[in-house]
Amino acid sequence: MDNENTEGIGEIQIANEVVAAIAGISASEIEGVETMSGGMKNEMVNKFGAKKNAKGVKVVVDDDTAEVEIAINMKYGYSIPETCEKVQDRVSQAINEMTGLTCSKVNVTIAGVELPKD
């Protein structure tokens with residue numbers, strides 16, 4: 001992750017928890033995602049630090065590559081394959097844009113479906 005202004009100055013390290021928080025926040029932005037598997041509501045995502053945003057997310061970083069496993073609860077009535085594909089694309093894009101890492105995998109687990117409230 002060198003760039004012209006910092007070349008030779010030092011090294012940049014990004015904690016796995018930060019990458020996990022980016023993944024959790026970006027996944028929660030997708031329509032059809034109700035909560036992360038840790039029970040965090042979408043509207044609460046931006047109110048807490050990296051560790052809270054990383055609930056339901058596991059990240060392994062190796063050199064310039066990240067592998068992500070994310071567990072979500074879906075809203076009832078949304079297409080699981082379409083929503084998961086959007087989550088995969090958004091998570092991969094957000095991690096790449098914010099960290100420069102390449103996502104080799106974004107595995108999505110559906111932990112539950114939130115039924116409509118009467």
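Residues are classed by relative accessible area as buried (under 20%), exposed (over 50%) or partly exposed (in between), with a 1.4 Å probe and protein chains only. The structure is a predicted model, in which local features need pLDDT of at least 70, side-chain atom pairs count only at pLDDT 80 or more, and totals for chains, interfaces and linings use all residues. Residues are numbered from 1 along each chain as its sequence is written, and side-chain values use heavy atoms, with hydrogens and water left out.

The secondary structure consists of three helices and four strands, where helices (H or I, at least four residues) and strands (E, at least two) are DSSP runs numbered from the N terminus. Along the sequence these elements follow the pattern α-β-α-β-β-α-β. Of the 118 residues in the protein, 32% are buried. Contact is defined as heavy atoms within 4.5 Å. Among contacts between residues at least 6 apart in sequence, 70% join residues at least 24 apart.

Strand S3 (residues 65-75), helix H3 (residues 80-99) and strand S4 (residues 102-114) form a right-handed β-α-β unit. A crossover is called right-handed if, with the strands pointing away from the viewer, the path from the first strand over the helix to the second runs clockwise. S3 and S4 run parallel and are joined by 11 bridges; pairing of two strands requires at least two bridges found by DSSP. Within this pair, Glu 67 stands opposite Lys 105 in S4.

The end C-alpha atoms of H3 are 28 Å apart, which agrees with the 28 Å that its 20 residues should span at 1.5 Å a residue. The expected span is 1.5 Å times one less than the number of residues. Buried positions in H3 are Thr 83, Cys 84, Val 87, Val 91, Ala 94, Ile 95 and Thr 99. These residues lie on the same side of H3, because they cover an arc of only 100° around the axis, the arc being that of the directions from the helix axis to the C-beta atoms. An α-helix has 3.6 residues a turn, so residues three or four places apart point the same way. The buried residues of H3 pack against helix H1 (16-28), strand S1 (33-36), S3 and S4. On the face turned away from the buried side, H3 carries the exposed residues Pro 81, Glu 82 and Glu 97.

At the start of H3, a side-chain oxygen of Ser 79 comes to within 3.3 Å of the backbone nitrogen of Glu 82. Just after the helix, Gly 100 adopts a positive phi of about 85°. Ser 92, also in H3, counts as partly exposed because its relative accessibility is 24%. Ser 92 touches Cys 103 and Val 106, residues up to four places away in sequence not being counted. The C-alpha atoms of Ser 92 and Cys 103 are 5.5 Å apart, at a separation of 11 residues in sequence.

Asp 63, in the loop between strand S2 (57-62) and S3, has a positive phi near 60° although it is not a glycine. Asp 63 is exposed, with a relative accessible area of 67%. Asn 73 lies in S3 and counts as buried at 11% relative accessibility. The side chains of Asn 73 and Thr 35 are joined by a polar contact of 2.8 Å. Such a contact is a pair of N or O atoms within 3.5 Å; within protein, one must be able to donate a hydrogen and the other to accept it, and residues adjacent in sequence count only if both atoms are side-chain atoms. Neighbours within four places in sequence aside, Asn 73 contacts residues including Gly 32, Val 33, Met 36, Ala 111 and Glu 114.
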